[in-house]
Amino acid sequence: MAADSRAKAATLNLRRRLLSSSCRLFFPEDPVKIIRSQGQYLYDEQGREFLDCVNNVAHVGHCHPTVVQAAHEQNLVLNTNSRYLHDNIVDYAQRLSETLPKELSVFYFLNSGSEANDLALRLARQYTEHQDVVVLDHAYHGHLSSLIDISPYKFRDLDGQKEWVHVVCTPTSPQVSFHPQAWMTWQCLSLQAPLPDTYRGPYREDHPNPAEAYANEVKNVVNIAQEKGRKFGGNPVSCAVGLAVLDVLETEQLQAHATNVGSFLMEHLSQQKAKHPIIGDVRGTGLFIGVDLIKDETLRTPATEEAEYLISRLKENYILLSTDGPGRNVLKFKPPMCFSLDNAQHLVAKLDDILTDLWYFFLDMEEKVRSCKTLRIQPNSVKHPSGKRDLCLAHLHQEIHQLQLAFA
Ligand SMILES: Cc1ncc(COP(=O)(O)O)c(C=O)c1O
């Protein structure tokens, strides 16, 4: 492949001219141009290596050679729609079924999480003959019109809530979203996949095995779906890739690996919670972890600006992370499953450094004067906590000057 020759600014200009501004960039003020990837790393046009802590779609790592090879080999032979008989689609369905309870055994392959959720919505409506939907507050289900209607996270900024949508509060926080396809792999392969819950449906009271009955009924609904199959979902290349991903998960024992690294990361992030009051909570499972940043313990006000600042400082340190939740104050970790113990250690150390800076950076001037007075500190001796943060130093000098004026 040709080396990247277009300067980042030129790419940005072209993008601004040719793409809709609603296709958002990460870090819009200073976007990152990524031209290459491997494992848990992304590389920019200058060859700088970024640690990817947030890309949950590349489950087993970016450009895994086994996965790339499988796609390439299948592409050389055939890729066509799924209305012909082909072994890849049945092999993939079979391999997936081996990871699930036996009752969950009918598959429907689609092209995206949004398509899957749209189909689920349609099946439910076809079966119940009702339109109403109950959704969790702040939930996101995808970008199709049908899904924006049932995603409070989206519809609040767009058309508003439809009368047939009923929003219920989530009892838990931090809340983070997780791509449904990634969830499928993680939830079903790394945890015990559950049968459908039984508090809904006609079997809940008097059936010896309500979950199984419910699953069978769902199977019938899927079978009679007014849907003749999508053209490209389950195509030979996608299924070859899916099979390769399952192979890598097994051969590299990535589930056990994610469990180990995830609990190490949770433990070390929890230690940071003891040190930095801005961390309100750390929760997660495996490598899917949320860190809730709050301004105060009592009201738990979301520390939105601090979270944004933290993400931008991490980026300066070549670590890519993002925020989520209604207050955009939850740091969301969902790295590729090959994320290592060293990566986790490095991430926590950087987070610790930046959080150490943060307490001072975000105090307002009154609080700074107050804390200096209370602690009987002379402005001359006020030091930036890290003592070496270039980004903050100019700002700090200016503040020390203002403190001196306040003390004069
Ligand atoms: C929770 C959740 N649901 C649905 C989707 C939509 O999936 P897709 O972008 O593949 O259509 C996403 C995407 O990130 C998601 O996080």
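Biologist: What is the strand order in the open sheet with antiparallel pairing?

Modeller: That open sheet has 4 strands in the order β6-β7-β10-β9, and the pairing is antiparallel. Strands here are DSSP runs of E with at least two residues, helices are runs of H or I with at least four, and both are numbered from the N terminus. Two strands pair if DSSP finds at least two bridges between them. This is a predicted model, in which local features need pLDDT of at least 70 and side-chain atom pairs count only at pLDDT 80 or more, while totals for chains, interfaces and linings use all residues. Residues are numbered from 1 along each chain as its sequence is written, and side-chain values use heavy atoms, with hydrogens and water left out.

Biologist: Which strands stand at the edges there?

Modeller: The edges are β6 (279–285) and β9 (322–324), and each has a single partner strand, so one side of each is left without a neighbour in the sheet. From one strand to the next, the twist averages 30°, where angles run from 0 to 180 degrees between N-to-C directions and axes are lines fitted to C-alpha atoms, for helices over the stretch in contact.

Biologist: How many bridges do β6 and β7 have?

Modeller: β6 and β7 pair over 6 bridges, in the antiparallel sense, and G284 stands opposite I289 of β7.

Biologist: Which strands does helix α10 lie across?

Modeller: Helix α10 (residues 254–275) lies across β6, β7 and β10 (330–333), and runs at about 170° to β6. α11, in turn, lies across β7, β9 and β10, running at about 160° to β9. Contact in this model means heavy atoms within 4.5 Å.

Biologist: Now the sheet with mixed pairing, what order does that one have?

Modeller: It is an open sheet of 4 strands in the order β1-β2-β3-β8. β1 (34–38) and β8 (319–320) are the edge strands with a single partner each, so one side of each has no neighbour in the sheet. β1 pairs with β2 (residues 41–44) in the antiparallel sense over 4 bridges, and S37 has L42 as its bridge partner in β2.

Biologist: Switching to helices, at what angle do α3 and α9 pack?

Modeller: Helix α3 (residues 87–97) and helix α9 (residues 236–251) pack at about 35°, with their axes 8 Å apart. The contact is made by N88, I89, D91, Y92, R95 and L96 of α3 together with P236, C239, A240, G242, L243, L246, D247 and E250 of α9.

Biologist: And which residues of α3 are buried?

Modeller: They are N88, Y92, A93 and L96, where buried means under 20% relative accessible area, exposed over 50%, and partly exposed in between, with a 1.4 Å probe and protein chains only. Seen down the axis of α3, these residues fall within an arc of 130°, so they line one face of the helix; the arc is that of the directions from the helix axis to the C-beta atoms. They pack against α2 (65–77) and α9.

Biologist: Last topic, what is phi of E129?

Modeller: Phi of E129 is near 60°, a positive value in a residue other than glycine. Most residues other than glycine have a negative phi. E129 sits in the loop between α4 (113–128) and β4 (133–136), and is exposed, with a relative accessible area of 70%.

Biologist: And where is R300 placed?

Modeller: R300 is in the loop between β7 (288–293) and α11 (304–316). Its phi is near 50°, also positive in a residue other than glycine, and R300 is partly exposed, with a relative accessible area of 35%.
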